[in-house]
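Below is a short note on the model you asked me to look over.

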Amino acid sequence: MPYYGSEETVKELRRSLSNPNVQADRLRYRNVVLKVIRFMSQGLDVSALFMEMVKASATVDIVQKKLVYLYMCTYAALKPNLALLAINTLRKDCTDPNPMVRGLALRSMCSLRMPGISEYIQQPVLNGLRDKASYVRRAAVLGCAKMQTFQGDTEVDGAVVNELYAMLRDLDPIVMVNCLRALEEILKHEGGVVINKPIAHHLLNRMKDLDHWGQSEVLAFLVRYKTRTEDEVFTILNLLDSFLKSGQPNVVMATTKLFLILSEDFPNVQMDILERVKGPLLAICTSEYHELCFLGLCHTREILRSLPGHFSGHYKKFFCTYSDPNYIKYQKMEILRDLVNDENVQQILEELQTYCTDVSVELAQMAILNIGRIARTYSERCVVILTGLLGLKQEHITSAVIQTFRDLVWLCPQCTVTVCQALPGCEENIQDSEGKQALIWLLGMHGEQVPNAPYVLEEFVDSLKMETSATVKLELLTAMVRLFLSRPAECQDMLGRLLYYVIEDELDMAVRDRGLLYYRLLQQGVEEVKRVVCGPRSDPSLDIISGQANETVNAWTKDFNTLIPIYGQEQWDRLTAQKGDSLEILQLSAVKSDETGTNPEQREEMVLDSGSVRLKTSAHLSAEQFEEHWTRLEAAKVVTLDWHKDPSPDAIQSAFQFVHIQSVAISRRGAQLWKAYLFARNETGSLFLIELLIAKDKGDIQVTIKQENSSEELLNNFTTVVKSIIQALDERLDLEYISVAAGEECSPN
Amino acid sequence: MIHSLFLINSSGDIFLEKHWKSVVSRSVCDYFFEAQEKANESENVPPVIPTPHHFLISVYRDRIFFVAVIQSEVPPLFVIEFLHRVVDTFQDYFGTCSEVAIKDNVVVVYEVLEEMLDNGFPLATESNILKELIRPPTILRTVVNTITGSTNVGDHLPTGQLSVVPWRRTGVRYANNEAYFDVVEEIDAIIDKSGSTVFAEIQGVIDACVKLTGMPDLTLSFMNPRLLDDVSFHPCVRFKRWESERILSFIPPDGNFRLLSYHVSSQNLVAIPVYVKHNISFRDGSSMGRFEITVGPKQTMGKTVEGTVVTSQLPKVVLNMNLTSTQGNYTFDPVTKVVSWDIGKINPQKLPSLKGTMSLQTGTPKPDENPNINIQFKIQQLAISGLKVNRLDMYGEKYKPFKGIKYMTKAGKFQVRT
């Protein structure tokens, strides 16, 4: 990169550019301009040449014009004053007889990205909309969108919007699609372009003329169209049927999404659609481009969420080849795991087994974990395979297998015996702390079935000084105490040594505290220790697993063909949460309870109109007025909800404020009878009053809602909004509560 | 939609950038470099990378990363397909899509990108139409341009989009009217240790080169159309006609285009054209290993297997190999541990084989994974699925065109486990 010596280069270029001899020779002139562009693309700052370049734009040579325009678009933001000089030339070019020059000039002018440009480009853009060459119209339509961006948040020009809506009927298909794109951008704050019945039907009729980019975008816009009748739904499905088998993956995906959403109310039709799209989707999954495969696989997983057996017959398509990149192999393995059934389990397990010895450590471990997942249903076969893998005596493999065993024993207690037989000898091949933790846990929990358990643990105790991970030490303490209870004679001495070391020499506070805890507990007598350490265990995770399968198709249709399937809903929320502020998360989770599976933007809309209640953003009501209304009105609804937390006024206030419910008065934290008064006004002026009441030690919250103009539907909607917020708050306050409680403990009173 | 595009070579230099909607600083690529470092191999860089304000969607082709920066909610497949289209276009224009080619033709690259996207939305991506807007550079034209000072830019607008048939321009004229079709099939297969097929699939395409005057209307019929599983067509093919009669009826675009692509999968038994006999063994504690491969044809319907190349990635413990081949040359790269054996034509009477010993690092346990063998080959005049074109007819024009059909089978991801 020639960042150095840039001044010299620029000086030299300037000299050539302003040399009249060069200017006279078209070819030489262009070559100098070309040189400037070359330097620009290498990252050299040539903005100092702006003046000379503007002059160079006054030429008949189209290539030179293009080059200069490219230059201007890059540097206009840096040199706004000089860029104004260029505008005259550009405006003149907009009236050139050659449509290509006109289009080019218009496009460049709209891309100049500098303040105050909009007043100059408005007229040319409007003229361009009526140009007879479609090439110019295309540029002009998008120019309207760019103009709106320059003007920022000023009023949307209604005339332009109407003109664009009218131009949806343009003969040129790309102009039509550009109109949609431009309208979408201009009307972004009002929820984008409106697709009503005539527009939708017009778009459907034009579909076959579009290129596939246009098709895929129009399909995405059609998702917004709300069909009125069943017949209409099926007419659209029939009309667009061939696009489901299109050669372009993006069109296939867009069509699938549209179809699934259209047939929301007809589960049978949805099944048919998914059946029909199987072929094209598998074709994407085996495409020659890895990136396409990857996304195809992500979407396949999305479908498997509701139809676990959907691709079972094609499981062989998901076998990994050697040349697949790792990110594809991960996806394929997870799909294979989900496709397992009685017929193919043998083949899939054999296939996964070959991946377990892959060169890549992560890949091998992932394969083992996936076998572990299959083991939840086919435990015997899998345990045999996993035990076999231990024989390889490879560190990363052993560690992963032991971790899988730990989860397996917890979830399927019936394989405990086999697992325990496999354990002896493993300790020699485990180096990483996750593996150690798993092994120690297994030995502590099921030590009575492993003959040499105490001796293995003894080795860990003896090498405790060398151990760096605190979690391993914590795990060792618990395991030791557990094993002591089942095999006291062999462990007593060891446990003593361990406790002594932990309490006297350990530097980590958590470990030392845990040691002290066990020490004091042991002082209470063995029975007491047994009651605490080996108390009855619950398996809450079992519910999660069995409850995981078979979501409804509608749960994910809205996310189909977006970025969400790549990350999964949870991770996506986390990703987008980083981008928004924390308040938004709270408010998102508030709505999540009744609106799962919408993408963040849609959810935002949901909140703003709060389930069609449409609350006003700013409303005022003084405390006196509130009291007056409150005493005058009858309670319209009283509901009682679960509430386990000490309420924090700030959190409650901000959460409600986000859905435009204002607070009037809130008791302070810890009051005997905690009360809060809130109100909201909707767009039609209807007033809601809310009272929240928490009696101490009762575990619930009583919500009283009063309404000024009684309307059953509004009231119900409003109540759901309030409920969901309270539920979300109840879940969310957990952490905060803990931290506050800890703070209080430290304070003197 | 697409805010910016960065082209990054495998050593991590951004050598070209283009912005459409807003100028996104180069620093956004730092997230990409981070992922690249983590992935340790270029191929393993995930195609979608989140950053605080944008998403980076990348494709990796010809040792170049094409990284698109997107901000809003965009269908990811759309972006990836578009990027591939960009690469295809570059290949079309410059013959190869390498860093050198792009840097040499930087002006054409900018021009093309400018026409392909406006404000981040795809505009003209059909290579037919693009080539009329911006003529591809050829050596002859470069020379002529330097002498006469004329330009690469077409001075009239492509009329194609205004004709009734959007993919074909009007007023095409040829002295010789020809239509060629190439049926190319790639066979993807995984063969296990014992020689039985774990997975096999054929991916086929029919590429056409049509140079016909006027507005010809073609029909192409197959002897056995039921073979085709998933078919996807060029937009010119009349889908209804295919559904009812299994005949391809279309008005072709001018020049080269892909008429259709299809899959033939495991439901129909896939014939495997070559077999491999192998014996690769490592003994525990010994510093020598045996390596022996024999390749032979099977189920080729009497056609010759050509261009055969066998490659295998050997475990790290292999230090060197001492082999003799009965045919062709072999190379072993001691750094990457890849052995590659270029066989060429396979003679069924005298099967090529490669035998010898491997010297292993002493004192290491024997590797737990056996190497995979990848095979490439070509078979001319054979479509391995058995697909055959029955006839090709032309309507709508008076002249008699010259027609030709060629078949070819290639190995795709053809892998043998040992």
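What share of the contacts in chain A with a separation of 6 or more is accounted for by residues 24 or more positions apart? The answer opens point 1.

1. Chain A, overall. This is a predicted model. In chain A, 65% of the contacts with a separation of 6 or more are between residues 24 or more positions apart. The chain has 38 helices and five strands. Of its 749 residues, 54% are buried. Chain A exposes about 34100 Å², and carbon and sulfur atoms supply 51% of that area.

2. Chain B, overall. Chain B contains seven helices and 23 strands. Its C-alpha trace spans about 75 × 55 × 45 Å along the principal axes. Buried residues come to 55% of the 418 in chain B. For contacts in chain B between residues at least 6 apart in sequence, 68% join residues at least 24 apart. The accessible surface of chain B is about 18200 Å², with 50% belonging to carbon and sulfur atoms.

3. Cavities. Searching the whole structure gives seven cavities of 30 Å³ or more. The largest cavity has a volume of about 120 Å³. Its lining consists of 14 residues, and those closest to the centre are A:Thr286, A:Thr321, A:Lys332, B:Phe199 and B:Lys413. Which elements each supply at least two residues of this lining? They are helix H18 (326-339) of chain A and, from chain B, strand S8 (178-191) and strand S9 (197-211). Sorted by class, the lining of the largest cavity has six nonpolar, two polar and six charged residues.

4. An aromatic pair in chain A. Over all chains, the search finds 22 aromatic pairs. One of them joins A:Trp630 and A:Tyr677 in an edge-to-face arrangement, with 5.6 Å centre to centre and 80° between the planes. This pair links distant parts of the chain, since A:Trp630 is in helix H36 (residues 623-632) and A:Tyr677 is in strand S3 (residues 673-681), 47 residues apart. A:Trp630 counts as buried because its relative accessibility is 15%, and the cut-off for buried is under 20%.

5. An aromatic pair in chain B. B:Tyr180 and B:Phe402 also form an edge-to-face pair, at 6.1 Å centre to centre and 65° between the planes. Here too the pair links distant parts of the chain: B:Tyr180 belongs to strand S8 and B:Phe402 to strand S23 (residues 402-417), 222 residues apart. Strand S8 of chain B is also one of the elements that line the largest cavity.

6. An aromatic cluster in chain B. Ring pairs link B:Phe32, B:Phe33, B:Tyr60 and B:Phe65 into a cluster.

7. Positive phi at two arginines. B:Arg63 has a phi near 60°, a positive value in a residue other than glycine. B:Arg63 is placed in the loop between strand S4 (55-61) and strand S5 (64-70) of chain B. With a relative accessible area of 58%, B:Arg63 is exposed. For B:Arg246, phi is likewise near 60°, again positive in a residue other than glycine. B:Arg246 lies in the loop between helix H7 (239-245) and strand S12 (247-250) of chain B. Its relative accessible area is 24%, so B:Arg246 is partly exposed.

8. A buried glycine. B:Gly296 is part of strand S15 (residues 288-297) of chain B. Is B:Gly296 buried or exposed? At 0% relative accessibility, B:Gly296 counts as buried. Leaving out residues up to four places away in sequence, B:Gly296 touches B:Pro273, B:Val274, B:Tyr275, B:Ile346 and B:Leu351. The C-alpha atoms of B:Gly296 and B:Val274 are separated by 5.7 Å, and the two residues are 22 residues apart along the chain.

Methods:
Residues numbered from 1 in each chain as written. Chains lettered and ligands numbered in written order. Predicted model: local features only at pLDDT ≥ 70, side-chain atom pairs only at ≥ 80, totals over all residues. Heavy atoms only, no water. 1 Å grid on protein atoms, 1.4 Å probe; cavity = no way out; pocket = protein on both sides within 12 Å on 5 of 7 lines; lining within 4 Å. Points joined across faces, edges and corners; volume = space filled by probe spheres on them. Helix = DSSP H or I, 4+ residues; strand = E, 2+ residues; numbered from the N terminus. Nonpolar A, V, L, I, M, F, W, Y, C, P; charged D, E, K, R; others polar. Buried < 20%, exposed > 50% of the residue type's maximum accessible area, 1.4 Å probe, protein only. Contact = heavy atoms within 4.5 Å. Areas by Shrake-Rupley, 256 points an atom, 1.4 Å probe, with all protein chains shown as cover. Phe/Tyr/Trp six-rings, centres within 6.5 Å; stacked < 30°, edge-to-face > 60°.
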